[in-house]
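User: I have a structure open and want to go through its contacts. Can you take my questions as they come?
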Amino acid sequence: MNKTAESSKPTKSEKDAAWLSNKILFIRGLKNPSDQLSLLLLLSENPTRTPDEEKLFTVLIRAEKASERARSAQSEAKLILKAEASAERKRRDHELYKIAGLLGLVGLVDKKKGTSLIDLGELTGALAVIARTPPNDPSRIEWKKAGDAILGSAKEEGTADFQSPPKRL
């Protein structure tokens, strides 16, 4: 075996000593350490611990390492939840942008400026009529045919690529 390769890799006891040393420095930097951390600091400074004190010291070290692992896992969980929320928000925003794009596609919004080309009250009223019209009304069927034709030609021209959401029952 190669002794230099073995000696360059820290042992578990060396890692534990380094962890404890860093933890003690951290505790000393705290203004108001918890009782548990204060006791850990006190016991670490006592080179002649009794067997009971040694046992307590070991338990405190294990507890603090477990606490660190728990905080790390909690941080990871928060990051995952934040990423999922961000992805959902981006998906939602994308859908809203697509709907706004439809207004530009049919000439109701200036695509460069993003401003309405018709009165907002008129637009709101027309949308309210659509919302109140039953799905099986002949007007809605005609609007769908006209809309599908506009979307189809826009897709062929490469100016838009919209998909309708699944039908509501």
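Analyst: A point on terms before we start: helices here are DSSP runs of H or I with at least four residues, numbered from the N terminus. Also, this is a predicted model.

User: Fine. Where is the place of E45?
Analyst: E45 is in the loop between helix 3 (35-44) and helix 4 (51-105).

User: Is E45 buried, partly exposed or exposed?
Analyst: E45 counts as partly exposed, because its relative accessibility is 44% and the class runs between the 20% and 50% limits.

User: What separates the C-alpha atoms of E45 and I24?
Analyst: A distance of 9.3 Å, with the two residues 21 apart along the chain.

User: Switching to salt bridges. How many in the whole structure?
Analyst: The search finds twelve. One of them is between the side chains of E64 and K23, at 3.1 Å from N to O. That pair links distant parts of the chain, with E64 in helix 4 and K23 in helix 2 (residues 12-29), 41 residues apart.

User: And are E64 and K23 buried or exposed?
Analyst: E64 is buried, at 6% relative accessible area. K23 is buried too, at 6% relative accessibility.

User: What about helix 6?
Analyst: In helix 6 (residues 138-157), E142 and K145 are three residues apart, so about one helical turn separates them. Their salt bridge has its closest N and O atoms 3.7 Å apart. E142 is partly exposed at 47%, while K145 is exposed at 53%.

User: Which residue does D148 meet in a salt bridge?
Analyst: K144, at 2.8 Å from N to O. D148 has a relative accessible area of 37% and K144 has 41%, so both count as partly exposed.

User: Which residues do shared partners join into one network?
Analyst: K23, E64, E68 and R71 are joined that way by salt bridges.

User: Now rings. How many aromatic pairs?
Analyst: Zero, from a search of the whole structure.

User: OK, which charge sits over the ring of F57?
Analyst: The charged end of R49, 4.0 Å from the ring centre. K65 lies over the face of W19, at 5.1 Å from the ring centre.

User: Last topic: what forms the nonpolar patch on the surface?
Analyst: L127, V129, I130 and W143, with about 340 Å² of accessible area together. Helix 5 (residues 120-132) gives the most, three residues. V129 is in helix 5, and V129 counts as partly exposed because its relative accessibility is 40%.

Terms used:
Residues are numbered from 1 along each chain as its sequence is written. This is a predicted model: local features need pLDDT of at least 70, side-chain atom pairs count only at pLDDT 80 or more; totals for chains, interfaces and linings use all residues. Side-chain values use heavy atoms; hydrogens and water are left out. Helices (H or I, at least four residues) and strands (E, at least two) are DSSP runs, numbered from the N terminus. Buried means under 20% relative accessible area, exposed over 50%, partly exposed in between (1.4 Å probe, protein chains only). Rings of Phe, Tyr and Trp (its six-membered ring) pair if their centres lie within 6.5 Å; planes under 30 degrees apart count as stacked, over 60 as edge-to-face and the rest as tilted. A charge sits over a ring if NZ of Lys or CZ of Arg is within 6 Å of the ring centre and within 35 degrees of the ring normal. Patches are made of residues with over 30% relative accessible area and no salt bridge: like charges are joined within 9 Å, nonpolar side chains (Val, Leu, Ile, Met, Phe, Trp, Tyr) within 5 Å. Accessible areas come from the Shrake-Rupley method with a 1.4 Å probe; for residues, only the protein chains shown count as cover. A salt bridge is a side-chain nitrogen of Lys or Arg within 4 Å of a carboxyl oxygen of Asp or Glu.
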